[in-house]
Amino acid sequence: MLEIQNLQATVADKPILKGLSLTINAGEIHAIMGPNGAGKSTLGYTLGGRPGYEVTGGTATLDGTDLFELEPYERAAAGLFLGFQYPVEIPGVSFVQFLRESANAQRKARGEAPLSGGEFLKLAKEKAGLLRMDMDMLKRPVNVGFSGGEKKRAEMVQMGILDPKIAILDETDSGLDIDALRICGEGINAIMRKPDKAVLLITHYQRLLDYVKPDFVHVLAGGRIVRSGGPELALELEENGYEAVAA
Ligand code: ADP
Ligand code: MG
Ligand code: MG
């Protein structure tokens with residue numbers, strides 16, 4: 001589904017990704033772990049097409065389509081979802097409005113008719129329910145005054161509505177208490193653990209992986225995948241730290 005080969009990328013002219021290769025098949029959940037500054041967020045931003053992240057070599061395809069040929073909104077329409085380490089606040093726009101517009105922008109890019117008000121509301125309620133989110137909460141401005149856990153749960157509601165093929169979730173577990181972690185983990189499983197979907201979880205900690213069990217775990221260090229294994233690799237990292245494992 002997602003095939004990354006020898007990816008090289010720079011941020012502010014500084015090489016960050018230095019030949020990263022990774023293959024993710026439909027139905028698989030992968031986790032990338034690695035020390036601070038390893039390039040984990042850079043990988044997500046580069047695949048998403050964030051301005052300032054420049055691809056200098058290598059390829060990335062989603063179901064055979066070259067991602068780097070697509071505008072960021074086209075990548076989203078093609079089925080790529082990015083969950084951000086630091087969700088942005090948008091004062092003046094309610095989360096419900098934001099969700100409806102992002103859903104309809106995606107549909108438009110796919111040549112599909114927009115959702116009616118009723119269709120959208122039904123979908124939003126269903127996904128909010130999965131994340132135990134009150135619809136009243138979603139009437140508030142996007143992320144303004146939301147706790148860390150509420151921001152991440154709201155982001156998972158958005159993921160549910162956009163129904164991506166592949167989700168790259170950057171430290172979805174950061175700033176979450178135990179209950180929010182479990183709710184987000186269960187939400188990710190409910191939305192994404194399907195034979196025709198895949199997930200790439202970027203995380204520092206084993207704890208999210210207790211809820212969303214990865215099929216493969218990779219260590220990213222120095223801009224490359226330096227080790228890959230099964231779920232046991234995450235436990236080994238937790239035990240021994242990155243230096244021992246990545247050396
Ligand atoms: P990680 O998510 O693994 O902690 P990042 O991908 O955020 O790492 O960062 C990788 C490296 O790129 C770091 O050394 C960071 O300082 C650098 N970097 C990230 N964004 C920028 C930027 N906008 N300008 C300059 N350097 C950046
Ligand atoms: Mg970091
Ligand atoms: Mg990061």
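**Confidence in the prediction**

- The protein averages a pLDDT of 93, and 99% of the residues score at least 70.
- Within the protein, confidence is highest in E1, at 98, and lowest in helix H9 (residues 231-246), where the mean is 86.
- For the complex, the predictor gives an ipTM of 0.94 together with a pTM of 0.93.
- Where pLDDT is low, the predicted coordinates should not be read in detail.

**The sheet of four strands**

- The strands of this open sheet, 4 in number, follow the order E2-E1-E4-E5, and their pairing is antiparallel.
- E2 and E5 stand at the edges with a single partner strand each, so one side of each is left without a neighbour in the sheet.
- Strand E1 (residues 2-11) runs antiparallel to strand E4 (residues 53-62), to which it is joined by 8 bridges, and in this pairing Gln 5 stands opposite Thr 59 in E4.
- E4 also pairs with strand E5 (residues 65-66), again in the antiparallel sense, over 2 bridges, and here Thr 61 stands opposite Asp 66 in E5.
- E4 and E5 together form a hairpin with 2 residues between them, and Asp 63, which lies in the turn, has a positive phi of about 50°.

**The sheet of six strands**

- A further open sheet is formed by 6 strands in the order E6-E9-E10-E3-E11-E12, and its pairing is mixed.
- Its edge strands are strand E6 (80-83) and strand E12 (224-229), each of which pairs on one side only.
- From one strand to the next, the twist averages 20°.
- Strand E3 (residues 29-33) and strand E10 (residues 198-202) run parallel and are joined by 4 bridges, with Ile 29 standing opposite Val 199 in E10.
- As background to both sheets, strands of a sheet pair through backbone hydrogen bonds, either parallel or antiparallel.

**Helix H1**

- H1 lies across E3, E6, strand E9 (166-170), E10 and strand E11 (216-221), and the helix runs at about 145° to E9.
- Since 7 of the 9 residues of H1 are buried, the helix is largely enclosed by the rest of the structure.
- The buried residues of H1 are Lys 40, Thr 42, Leu 43, Gly 44, Tyr 45, Thr 46 and Leu 47.
- Just after H1, Gly 49 takes a positive phi of about 85°.

- Which residues come nearest to ligand 1? Of the 13 residues around ligand 1, these are Ala 12, Ala 38, Lys 40, Ser 41 and Thr 42.
- Strand E2 (14-24) and helix H1 (40-48) each supply at least two residues of the shell around ligand 1, and H1 gives the most to this shell, with 3 residues.
- Sorted by class, the shell around ligand 1 has 7 polar, 4 nonpolar and 2 charged residues.

**Two further residues**

- Pro 72 is found in helix H2 (residues 72-77), and Pro 72 counts as partly exposed because it has 15 C-beta neighbours inside 10 Å.
- When residues up to four places away in sequence are not counted, Pro 72 touches Gly 48 and Gly 49.
- Pro 72 and Leu 47 are 25 residues apart in sequence, while their C-alpha atoms are 8.8 Å apart in space.
- Where does Arg 132 lie? Arg 132 lies in the loop between helix H4 (117-130) and helix H5 (135-138), and this residue has a positive phi of about 50° although it is not a glycine.
- Arg 132 counts as partly exposed because it has 13 C-beta neighbours inside 10 Å.

Terms used. Residues are numbered from 1 along each chain as its sequence is written. Chains are lettered from A and ligands numbered from 1 in the order in which they are written. This is a predicted model: local features need pLDDT of at least 70, side-chain atom pairs count only at pLDDT 80 or more; totals for chains, interfaces and linings use all residues. A residue is near a molecule or strand if its C-beta atom, placed from the backbone, lies within 6 Å of it. Ala, Val, Leu, Ile, Met, Phe, Trp, Tyr, Cys and Pro count as nonpolar, Asp, Glu, Lys and Arg as charged, and the others, Gly among them, as polar. Two strands pair if DSSP finds at least two bridges between them. Axes are lines fitted to C-alpha atoms, for helices over the stretch in contact, and angles run from 0 to 180 degrees between N-to-C directions. Two residues are in contact if their C-beta atoms, placed from the backbone, lie within 7 Å. pLDDT is the predictor's confidence in each residue, from 0 to 100. A residue is buried if 20 or more other C-beta atoms lie within 10 Å of its own, exposed if 12 or fewer, and partly exposed in between; C-beta atoms are placed from the backbone.
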